[in-house]
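I open this notebook to record what I looked up, beginning with a term that the later entries require.

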Amino acid sequence: MKKIENRMPLIELDEIYKIYHMGDSEVRAADGVTLRICEGEFVAIVGQSGSGKSTLMNIIGCLDVPTTGSYRLKGEDVSELTDDEQAEIRNKMLGFIFQQYNLIPKLTVLENVELSLLYAGLPAEERVERARLQISRVGLAGKEKNLPSQLSGGQQQRVSIARALAGNPSVILADEPTGALDSRTSREVLDFLKQLNEEGNTIVLITHDNGIAAEATRVVRVSDGKIVFDGPAEEAFPAAVPAPGPQHRKAEEAS
Ligand SMILES: Nc1ncnc2c1ncn2[C@@H]1O[C@H](COP(=O)(O)OP(=O)(O)OP(=O)(O)O)[C@@H](O)[C@H]1O
Ligand SMILES: [Mg+2]
């Protein structure tokens with residue numbers, strides 16, 4: 001078990017509330033969340049639909065701001081920054097992977113990955129070089145000129161991983177990255193994320209799939225906007241749920 005206590009906290013959420021008013025009723029999408037995530041961790045955020053997972057992820061990703069509470073990313077108080085400054089932090093420090101890949105259909109694989117580097121102010125040559133490197137890192141060398149529609153779902157997700165990695169982010173945030181993939185391809189994407197974590201990348205992943213969450217090093221379970229469990233994956237799933245393989249999937253489909 002890796003020792004994480006002494007590492008620097010990368011993400012520090014303190015008493016975070018996100019409250020929506022719908023007519024007379026109030027939805028507490030985040031209800032007093034305090035959470036620390038250190039460098040090098042692989043955290044799975046789990047919970048039922050509507051429990052507040054994406055709300056947390058969007059706050060961590062500076063895509064949304066809390067109603068109250070403080071958020072420090074690498075020691076910097078993000079809630080005090082302007083929109084432009086938050087956008088800059090997103091580009092510099094955060095890499096996003098989404099369920100639907102969010103690739104730009106009209107751009108090639110290379111252009112999609114390169115686009116994420118435009119904001120970094122790098123010269124064109126260096127952008128192309130870095131993008132090519134990440135594309136080959138995810139096993140897609142030779143597909144640089146393909147359009148997303150000319151790739152399988154798993155390959156498109158790998159392009160989005162290459163795009164997330166290109167900016168050399170401090171944290172990779174993935175909201176249901178395997179949600180649209182079959183079980184074998186999900187496994188490949190998961191193995192790739194695990195490899196990135198072993199290389200030192202910090203990963204925060206949302207998943208509905210216990211088999212996937214069981215492979216993270218730490219599991220955070222949310223319910224009604226609150227953290228109801230936070231601990232090692234072995235404790236979250238004592239009966240070690242196997243990751244979804246072909247047989248596992250068949251059993252699910254049969255039930
Ligand atoms: N813009 C909004 N306006 C009002 N309520 C919202 C808004 N966004 C989210 N909510 C509510 O906040 C709660 C948490 O939503 P959230 O999207 O974080 O859930 P989730 O855990 O990601 O769910 P899922 O697994 O379905 O993606 C839900 O009750 C949702 O209806
Ligand atoms: Mg969600």
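Entry 1, terms. I take contact to mean heavy atoms within 4.5 Å. I note also that the model is predicted.

I located asparagine 201 in the loop between α6 (183-198) and β8 (202-206). Leaving aside residues up to four places away in sequence, I found that asparagine 201 touches Gly40, Glu41, Arg137, Ile172 and Leu196. Is asparagine 201 buried or exposed? Its relative accessibility is 15%, and buried means under 20%, so asparagine 201 counts as buried.

I counted 13 residues surrounding ligand 1, and Ser49, Gly50, Lys53, Ser54 and Thr55 are the closest. By class, the shell holds four nonpolar residues, eight polar and one charged. Which elements each supply at least two residues of the shell? I recorded β1 (9-22), β2 (25-38) and α1 (53-60). With three residues, α1 gives the most.

For glycine 50, a backbone N or O atom lies 2.8 Å from an oxygen atom of ligand 1. For lysine 53, an N or O atom in the side chain is 2.7 Å from an oxygen atom of ligand 1. For threonine 55, a polar side-chain atom lies 2.5 Å from an oxygen atom of ligand 1. On its own, ligand 1 has 640 Å² of accessible area, and I noted that the protein covers 61% of that area.

Definitions and conventions
Residues numbered from 1 in each chain as written. Chains lettered and ligands numbered in written order. Predicted model: local features only at pLDDT ≥ 70, side-chain atom pairs only at ≥ 80, totals over all residues. Heavy atoms only, no water. Near = heavy atom within 4 Å. Polar contact = N/O pair within 3.5 Å; in protein donor to acceptor, adjacent residues only side chain to side chain. Areas by Shrake-Rupley, 256 points an atom, 1.4 Å probe, with all protein chains shown as cover. Helix = DSSP H or I, 4+ residues; strand = E, 2+ residues; numbered from the N terminus. Nonpolar A, V, L, I, M, F, W, Y, C, P; charged D, E, K, R; others polar. Buried < 20%, exposed > 50% of the residue type's maximum accessible area, 1.4 Å probe, protein only.
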